[in-house]
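Here is a protein chain to read with its model open beside you. Take the questions one at a time, and look for each residue as it comes up.

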Amino acid sequence: MQLQKILLSVVAGVSVVSLGLASCTAQQNVEAQTEANTPTLTGQTETQAQAPTTQPQERPGDVPYVPTPQSVVDAMLKVANVGKNDVLYDLGSGDGRIVNTAAQRFGTRGVGIDISPERIQEANANAQQAGVSDRVKFVQQDLFKTDFSKATVVTLYLLPDINLKLRPILFKQLKPGTRIVSHAFDMGDWKPEKTLQVDGRTVYYWVIPEQVPANLRQ
């Protein structure tokens, strides 16, 4: 009888230990499964850092995307006498080549405005490749809703009707002495101070006057 009690105690003890071990193993398996299915904070941070900075395009663009040849870019920056103390705004910046070239060659701070998310992404990639991301930025925005009053130089490659629509906004926002350069298209009655021919293409150059003639304000 005493021997039976001892044996029963041993068996019961072994069962309790086995249950404990089984319970511990099961808990470890659940914890491991939970950890496997839970994203790490590092992973979340990387995902957030890689999130696109663009948004869906709010409306169709005003002009088709046609890049300005590099020779014309160089001439535009030269006629405007762009330097390291300038702030250049490119309205309709496309792949960012005007802003990025100015930053790379002259140390100019620049802002590119484009309504297309694809163009903004491309411009940012080109800025990074050129090593000028610290001096430029590209903003996905409607250029008719943009504040470019801090610009000392404005560059354009738009269309004649868009230039005319933009002209009173330029006069309203920009300080006297601000330089404006347009590839291919003029601004109607506002006669340019200089007109250049570069590889069969035309470049127009203006300076915002102290007093804007009444006929140019609309």
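Q: Is Asp74 buried, partly exposed or exposed?
A: The model is a predicted one. Buried means under 20% relative accessible area, and exposed means over 50%. Asp74 has a relative accessible area of 26%. That value lies in between, so Asp74 is partly exposed.

Q: Which residue forms a salt bridge with Asp74?
A: Side chains of opposite charge can pair when their charged atoms come close. For Asp74, the closest N and O atoms of the pair are 2.7 Å apart. The partner is Arg105.

Q: How many residues apart in sequence are the parts that this pair ties together?
A: Asp74 lies in helix α3, residues 70-79. Arg105 lies in helix α4, residues 97-106. The pair therefore ties together parts whose separation in sequence is 31 residues.

Q: At roughly what angle do the axes of α3 and α4 cross?
A: Two packed helices are described by the angle between their axes and the distance between the axes. The axes of α3 and α4 come within 10 Å. They cross at roughly 60 degrees. That makes α3 oblique to α4.

Q: Which residues of α4 make the contact with α3?
A: α3 passes α4 in a right-handed crossing. From α3, the contact uses Gln70, Val73, Asp74, Met76 and Leu77. From α4, it uses Arg97, Ile98, Thr101, Ala102, Arg105 and Phe106.

Q: How many residues apart are Arg119 and Glu122 in helix α5?
A: The side chains of Arg119 and Glu122 meet in a salt bridge, 2.9 Å from N to O. Arg119 is partly exposed at 21% relative accessibility, and Glu122 is partly exposed at 28%. Both lie in helix α5, residues 117-130. About one turn of the helix separates them, which is three residues.

Q: How many salt bridges does a search of the whole structure find?
A: Arg105 with Asp74 is one of them. Arg119 with Glu122 is another. The search of the whole structure gives a count of four.

Q: Where is Val87, and which residues is Val87 in contact with beyond its neighbours within four places in sequence?
A: Val87 is found in strand β1, residues 87-91. Val87 is buried, with a relative accessible area of 14%. Its C-alpha is 6.4 Å from that of Thr108, 21 residues away in sequence. Beyond the neighbours within four places, the contacts are Arg109, Lys150, Ala151, Thr152 and Val153.

Q: What separates the C-alpha atoms of Pro168 and Val212?
A: Pro168 has its place in helix α6, residues 160-173. Pro168 is partly exposed, at 25% relative accessibility. Along the chain, Pro168 and Val212 are 44 residues apart.

Q: How many helices and strands does the protein chain have?
A: From the N terminus, the elements run α-α-α-β-α-β-α-β-β-α-β-β-β. The total comes to six helices and seven strands.

How values were computed:
Residues numbered from 1 in each chain as written. Predicted model: local features only at pLDDT ≥ 70, side-chain atom pairs only at ≥ 80, totals over all residues. Heavy atoms only, no water. Helix = DSSP H or I, 4+ residues; strand = E, 2+ residues; numbered from the N terminus. Buried < 20%, exposed > 50% of the residue type's maximum accessible area, 1.4 Å probe, protein only. Axes fitted to C-alpha atoms, helices over the stretch in contact; angles between N-to-C directions. Parallel < 35°, antiparallel > 145°, perpendicular 65-115°, else oblique. Left-handed = near helix turned anticlockwise from the far one by under 90°. Contact = heavy atoms within 4.5 Å.
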